[in-house]
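We will go from stop to stop, selecting a few residues each time.

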Amino acid sequence: MSTQPTIVVAGAGIFGLSAALELQSRGYAVTVVDPGPVPHPLAASNDVSRMIRMDYGDDKLYSDLGAEAIEGWHVWNEWRGRPLYHEDGFLVLTSRPLEPGTVERQSYDLLTAAGWPLERLNSEITAERFPLWNSEHYTDGYFNPRGGWGEAGETVSFLASQSVAAGVDIRAGFSAEIVLVESGRAVGLRSSDGSEVRADNVVVAAGVWTPRLIPELEDMMSPVAQTLVYLRPTLPDRFRPPHFLPWGADIPRTGWYGFPANADGVVKLANHGPGRLVDADAPRDADPEVVEYSRSRACFYNDTWDGDFYITRHPEIEGLVVSTGGSGHAFKFTPALGGITADVVEGEPNRYAARFAWRPRGAVTKESTRYHGE
């Protein structure tokens with residue numbers, strides 16, 4: 001008589017819950033532990049919005065993964081009955097010509113070659129269609145109708161509810177502190193109060209806290225704070241589609257991007273740049289030198305040395321898988337992350353997994369669409 005395999009997941013963010021939901025569907029008895037509450041107030045995925053795009057310069061793997069994930073977002077919208085993903089499109093604005101070799105031109109060429117109907121912009125079109133933007137400064141760019149934004153905290157809540165409905169055991173109040181290893185194999189997790197959850201396999205998806213559970217990763221990833229700004233304009237409808245869309249403005253050179261006004265009239269701006277190194281438990285305060293006269297906070301990236309995720313088996317501990325390293329751009333792929341993690345757990349082939357395999361630190365690089373600093 002066969003016994004249902006068990007698995008415990010540390011972390012109830014997008015990596016952990018998407019993996020739990022997928023693994024439960026594949027026949028595992030899944031337990032998710034998290035300090036709680038869920039969504040966790042300090043988690044990177046707990047916010048009003050996150051960008052969803054497939055515009056990644058000439059990086060076809062991430063572009064393809066983005067397109068696949070967007071299909072998944074549409075499925076989740078149908079399941080939920082109201083949108084988690086708002087396909088308002090993605091506006092790419094540049095103050096420089098879209099010349100060959102620029103990241104924006106690479107995105108434009110790759111996506112148009114794949115058949116996506118991008119619309120090229122110039123000053124006249126921008127002035128007419130997007131009048132809040134300075135069309136004399138932003139003289140080039142394009143509009144991609146296949147993209148938009150996702151409700152971040154609501155997505156975590158949705159995944160948690162779907163997981164529970166599927167039979168996943170979510171245990172908030174469990175602060176995982178140690179991966180239990182016996183005879184070279186991971187057999188569970190121990191919390192800070194000494195309680196344990198045992199399982200046949202362990203997935204660590206603890207975001208910026210991952211290196212505390214797996215110290216071998218301390219040199220591979222670091223918590224990096226990025227500034228988020230929340231504005232409440234007196235005329236929020238002016239900052240809504242179709243005239244104001246999810247946008248990136250010279251983002252490889254400035255890091256700034258943002259969103260239309262949400263249902264509460266809040267306009268969010270954020271920076272996808274170098275950030276500042278912090279401790280994982282530090283307050284989520286914005287850099288005071290960057291933001292004044294507005295409500296702001298910091299989002300903590302779990303930044304890997306090369307900007308790629310770590311969704312991989314531990315090279316020395318059997319039964320231990322890590323799924324983390326979002327580097328500020330993982331949320332958009334949430335509908336696809338669970339399948340990648342589950343395939344890694346099961347040792348199944350996955351076209352994306354090789355990119356996210358365990359690897360030693362090398363020359364520091366970042367995602368091409370991120371501002372690297374001067």
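The tour below visits a sheet, a loop residue and some aromatic rings.

Before you start, note that this is a predicted model, in which local features need pLDDT of at least 70 and side-chain atom pairs count only at pLDDT 80 or more, while totals for chains, interfaces and linings use all residues. Residues are numbered from 1 along each chain as its sequence is written, and side-chain values use heavy atoms, with hydrogens and water left out.

**Stop 1: the sheet**

Select β9, β2, β1, β13, β21 and β20: in that order, these six strands form an open sheet with mixed pairing. Strands here are DSSP E runs of at least two residues and helices are H or I runs of at least four, numbered from the N terminus; two strands pair if DSSP finds at least two bridges between them. Which strands stand at the edges? They are β9 (169-172) and β20, each with a single partner strand, so one side of each has no neighbour in the sheet.

Now zoom in on β2 (residues 29-34), which pairs with β9 in the parallel sense over four bridges. Here aspartate 34 stands opposite alanine 172 in β9.

**Stop 2: a loop residue**

Next, pick aspartate 47, in the loop between β2 and β3 (50-52). Is this residue buried or exposed? Aspartate 47 is buried, with a relative accessible area of 11% (buried means under 20%, exposed over 50% and partly exposed in between, using a 1.4 Å probe and protein chains only). Show arginine 50 too: its side chain and that of aspartate 47 are joined by a polar contact of 2.8 Å (a pair of N or O atoms within 3.5 Å; within protein, one must be able to donate a hydrogen and the other to accept it, and residues adjacent in sequence count only if both atoms are side-chain atoms).

**Stop 3: the rings**

Finally, show the aromatic side chains; the whole structure holds 19 aromatic pairs. Rings of Phe, Tyr and Trp (its six-membered ring) pair if their centres lie within 6.5 Å, and planes under 30 degrees apart count as stacked, over 60 as edge-to-face and the rest as tilted. Tryptophan 133 and tyrosine 138 have ring centres 5.6 Å apart and planes at 85 degrees, so this pair is edge-to-face. Both of these residues, tryptophan 133 and tyrosine 138, are buried.

Move on to phenylalanine 309 and phenylalanine 356, whose ring centres are 5.0 Å apart with planes at 40 degrees, so the pair is tilted. Phenylalanine 309 is in the loop between β19 (295-304) and β20 (310-313), and phenylalanine 356 is in the segment after α8 (334-346), so the pair ties together parts 47 residues apart in sequence. To end, select Phe15, Tyr56, Tyr62, Phe309, Phe333 and Phe356, which ring pairs link into a cluster.
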